[in-house]
Amino acid sequence: MDVKIEDSWKTVLKDEFEKPYFKNLTDFVKSEYSSHTIFPPGRQIFSAFEHTPFDRVKVVIIGQDPYHGRGQANGLCFSVSDGIPFPPSLQNIFKELKDDLNIEIPKSGNLERWADQGVLLLNATLTVRESNAGSHQNKGWEQFTDAVIQKLSTEKKNLVFILWGSYAQKKGAMIDPSKHFIIKSAHPSPLSSYRGFFGSKPFSKTNQFLKSIGKEEIKW
């Protein structure tokens, strides 16, 4: 796995790529791709970074694992490739979007359109074995994505961090709330969506904040 990552991120994260844990992670991921079916496809591991260069990040949404069903994961958290049925959490995200901003539920669950506007759709773990949720946790990805969040918090200001559920909120503990706008709610999964995700209005809150600092709003 050569680290083919967008240039601005390569610069910001260059120290991470030299650390022993990342070399071990690279060896592990290469071995997994050679012996198992792994998602997303190798060329999409760093899609979130390709679509949202460091200098263009305005909003960060933190997920946990890539989808582990065939054809679903495309390297952006909560997103699925064109033509793939919406997983339940994504269905609920679109329901809340409709309720919040009266935006009709789209035909495609591919969220590249958000990423290209500066929404970093970051999973904590960037790869997974087919039909084996959590199979690539605790191999080094979390340390890498913690470093990404730390860099964003330290080196930028006035970002919006959207933290859905306890996992994202724990992962977001290093974000400086005096420099950034943090939106927290329950997770959009069917198990928790009625415990505070529905009605939380993250999309309009994000745009109100961006407008207040003179940045272009996201076309959700």
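Student: What is the relative accessibility of Glu 155, and how does Glu 155 count on that basis?

Tutor: Glu 155 has a relative accessibility of 46% and counts as partly exposed. Keep in mind that this is a predicted model.

Start with the partner of Glu 155. The side chain of Glu 155 meets that of Lys 151 in a salt bridge, at 3.4 Å from N to O. Lys 151 is partly exposed too, with a relative accessible area of 27%. Both sit in helix α7, four residues apart, so about one helical turn separates them. An α-helix has 3.6 residues a turn, so residues three or four places apart point the same way. Side chains of opposite charge can pair when their charged atoms come close.

That pair belongs to a wider set. The count of salt bridges comes to nine. Another of them joins Glu 16 and Lys 19, whose closest N and O atoms are 2.8 Å apart. Glu 16 is buried because its relative accessibility is 10%, under the 20% limit. Lys 19, at 34%, counts as partly exposed. A further salt bridge links Lys 219 and Glu 216, with closest N and O atoms 3.3 Å apart. Here both Lys 219 and Glu 216 are exposed.

Now step past the end of α7. The loop between α7 (141-155) and β5 (160-164) holds Asn 158. Asn 158 is not a glycine, yet its phi is positive, about 60°. Its relative accessible area of 26% makes Asn 158 partly exposed. Ser 192 is buried, with a relative accessible area of 9%. Neighbours within four places in sequence aside, Ser 192 is in contact with Ala 186, His 187 and Phe 197.

Check the geometry of α3 first. Its 16 residues, 20-35, should span 22 Å at 1.5 Å a residue, and the end C-alpha atoms are 23 Å apart, which agrees. The buried residues of α3 are Tyr 21, Phe 22, Leu 25, Thr 26, Val 29 and Glu 32. They lie on the same side of α3, because they cover an arc of only 135° around the axis. The face turned away from that buried side carries the exposed residues Pro 20, Asn 24, Asp 27 and Ser 34.

The loop between β1 (38-39) and α4 (47-51) contains Pro 40. The peptide bond from Phe 39 to Pro 40 is cis, with omega near -5°.

Three bridges join β5 to β2, and the two strands run parallel. Phe 161 in β5 is the bridge partner of Val 60. Strand β2 also pairs with β3 (residues 119-123), again in parallel, through five bridges. There, Val 59 has Val 119 as its partner. Strand β2 covers residues 59-63, and five of the five are buried, so β2 is largely enclosed by the rest of the structure. Val 59, Ile 61 and Gly 63 point one way; Val 60 and Ile 62 point the other. In a regular strand the side chains alternate between the two faces of the sheet.

Finally, the nonpolar core. In soluble globular proteins, nonpolar side chains tend to be buried together. The largest nonpolar core here has 61 residues, and Trp 9, Phe 49, Trp 114, Phe 144 and Leu 152 touch the most other members. Take Trp 9. Sequence neighbours within four places aside, Trp 9 is in contact with Phe 49, Thr 52, Pro 53, Phe 54, Val 57, Leu 120, Val 148 and Leu 152.

Note on methods
Residues numbered from 1 in each chain as written. Predicted model: local features only at pLDDT ≥ 70, side-chain atom pairs only at ≥ 80, totals over all residues. Heavy atoms only, no water. Buried < 20%, exposed > 50% of the residue type's maximum accessible area, 1.4 Å probe, protein only. Salt bridge = Lys/Arg side-chain N within 4 Å of Asp/Glu carboxyl O. Expected span 1.5 Å × (residues − 1). Arc of directions from axis to C-beta. Pairing = 2+ DSSP bridges. Core = buried A, V, L, I, M, F, W, Y, C linked by side-chain atoms within 4.5 Å. Contact = heavy atoms within 4.5 Å.
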